[in-house]
Amino acid sequence: MKTNKLWTRNFRLVILASGMGTLGTIAGSFALSFLVFDETGSTLASALIIAIQLLPYLLLPVLVAPFMDRLPRKSFLVAGDAANAVLIAGMGLWLLNFSFSYAGYLVLSLMLACLGAIDELAFTSIYPELIPQGAEQKGYAVSSMLYPVLKVIMTPLAAVLLDTLGVAWILIAQSGFSLAAAVTESFIRIDETAREHREPYSFAAWIGDIREAARYLKKERGLRSLYEYMAVTNGIANGFSPILVAFFRTFPGFTAAMYSAFSVAEFIGRTIGSALQYRVNIPDKKRFGFTLFVYQFYEAMDMCLLWLPYPLMLLNRGICGFLGSNSAILRNSAVQRYIPEKLRSRVNAAISVLVTAGDSVFSLLMGFLGELFDYRLCVTIGGGVAMLTCWLLIWGRRTDVRKVYEAGTASNCAAAE
């Protein structure tokens, strides 16, 4: 089957809009993280904001998803970025004229997180419709490369702007990027007239939509297994962060600067991995085997990470960045192609809630382990638990999981006939 051209008008617009939104978010988040600490002098205050920002991702996607599956998703995308621009501009203007209010910032953070949860769900659900059929792997390779590349470019620039312009003007600039993203998204041409639900929408209909998605997930064991595994392994990986910080702060011969080099090594690995996925197409029949190998190898690399000499630690993180990028691209392109279009928002919402809950639980468990054991042993235990989870959920249910990765084979063959 001949692969369609990837860089269509719609795809260029959605990537341009994503790039502009990401640039603003990186700069604004960097500036605000310093502002909160400078104003409060408390790491707990910063942690509380992170916890509050997590709440909408646990609740809102499931509430909104049924509406998003019945209405044009483009409108959610455009309106979300426009509303984000207004809130961010309001914060910037406040800081230009008034002093910082921590309570006010907590409320604003909750509102922004609500918009972020909706926007993320809308993007995840509409993005597959903007990728030409047959070019899914390349499309997800481009989107996965966007954030790490822009973060490496924007973070040092944001540090300079923080000292020269100040937080308020950075936020106003971020607002401009969000507004530009909304305008760009408004030019996307996608026929969603069939999604316009003109009848009154009742609570009973909403419950019915939720039950429909629940029934679908109940019978899709392969899809559930993939994201149950992701909930565990993502939570463990996020729980590694404070443990690694503590290790580099306390272990003789290591420094915070050495830890910061991890992000550079991972960025290089992820960029190479995404570029490879863009250039090399992996056949559907081989994707499950490749992904299973990546998962096991990744967990093994985590288990030995802190027992290695520092140069090998950097190599370890670079390899993990490379492998993580490859597996994420293959998983996202396979899953979004596999989920029925009419259920995509609701299923993605359920997946988002599952992974966020797993992140929260297993991050806390890793933090608890850090209070009890040697930091190196904690990372090894975490990697071992993730490896066991992979064997149980991915290898143990391989027939069901393989079906998700190979779903495109039948459709591609049918299209070619």
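Which residue does the side chain of Lys285 meet in a salt bridge? The partner is Glu406, with an N to O distance of 3.7 Å. This briefing concerns a predicted model, in which a search of the whole structure finds 17 salt bridges and 17 aromatic pairs.

**Salt bridges between distant parts of the chain**

- The bridge between Lys285 and Glu406 links distant parts of the chain, 121 residues apart: Lys285 belongs to helix 10 (residues 284-304), while Glu406 is in the loop between helix 14 and helix 15 (407-416).
- The two partners contrast in accessibility: Lys285 counts as exposed at 55% relative accessibility, whereas Glu406 is buried, with a relative accessible area of 18%.
- Asp400 and Arg221 also form a salt bridge through their side chains, at 2.9 Å from N to O.
- Because Asp400 lies in helix 14 (residues 398-405) and Arg221 in helix 8 (residues 221-250), this pair ties together parts that are 179 residues apart in sequence.
- Arg221 is partly exposed, its relative accessibility being 36%.
- In the salt bridge of Arg70 with Asp209, the closest N and O atoms are 2.5 Å apart.
- Arg70 is located in helix 2 (residues 43-70) and Asp209 in helix 7 (residues 203-219), so the bridge ties together parts separated by 139 residues in sequence.
- Asp209 is buried, with 8% relative accessible area, and Arg70 is partly exposed, with 21%.

**A network of salt bridges**

- Arg70 and Asp209 also belong to a network of salt bridges, whose other members are Asp69, Arg73, Glu212, Glu341, Lys342 and Arg346.
- One of these members, Arg73, is listed among the buried residues of helix 3.

- Helix 3 (residues 73-97) contains 25 residues, and the distance from its first C-alpha to its last is 37 Å, close to the 36 Å expected at 1.5 Å a residue.
- The buried residues of helix 3 include Phe76, Leu77, Val78, Leu87, Ile88 and Met91; Asp81 and Asn84 are also among them.
- Trp94 counts as partly exposed, at 43% relative accessibility.
- Thr184 lies in helix 6 (residues 167-186) and is buried, with a relative accessible area of 11%.
- When neighbours within four places in sequence are left aside, Thr184 is in contact with Leu13, Leu16, Ala17 and Met20.

**Aromatic pairs**

- Among the 17 aromatic pairs found in the whole structure, Trp94 and Phe98 form a tilted one, with 4.5 Å centre to centre and 35 degrees between the planes.
- The pair of Phe247 and Phe251 is stacked, because the ring centres are 4.7 Å apart and the planes are at 20 degrees.
- Phe247 is buried, with a relative accessible area of 2%, while Phe251 is partly exposed, with 30%.
- Phe247 and Phe251 are part of a cluster linked by ring pairs, together with Phe248, Phe254, Phe262 and Tyr310.

**Charges over rings**

- The charged end of Arg398 is positioned over the ring of Trp395, 3.9 Å from the ring centre.
- Lys138 is placed over the face of Tyr278, at 5.2 Å from the centre of that ring.

Technical notes. Residues are numbered from 1 along each chain as its sequence is written. This is a predicted model: local features need pLDDT of at least 70, side-chain atom pairs count only at pLDDT 80 or more; totals for chains, interfaces and linings use all residues. Side-chain values use heavy atoms; hydrogens and water are left out. A salt bridge is a side-chain nitrogen of Lys or Arg within 4 Å of a carboxyl oxygen of Asp or Glu. Helices (H or I, at least four residues) and strands (E, at least two) are DSSP runs, numbered from the N terminus. Buried means under 20% relative accessible area, exposed over 50%, partly exposed in between (1.4 Å probe, protein chains only). Contact means heavy atoms within 4.5 Å. The expected span of a helix is 1.5 Å times one less than its number of residues. Rings of Phe, Tyr and Trp (its six-membered ring) pair if their centres lie within 6.5 Å; planes under 30 degrees apart count as stacked, over 60 as edge-to-face and the rest as tilted. A charge sits over a ring if NZ of Lys or CZ of Arg is within 6 Å of the ring centre and within 35 degrees of the ring normal.
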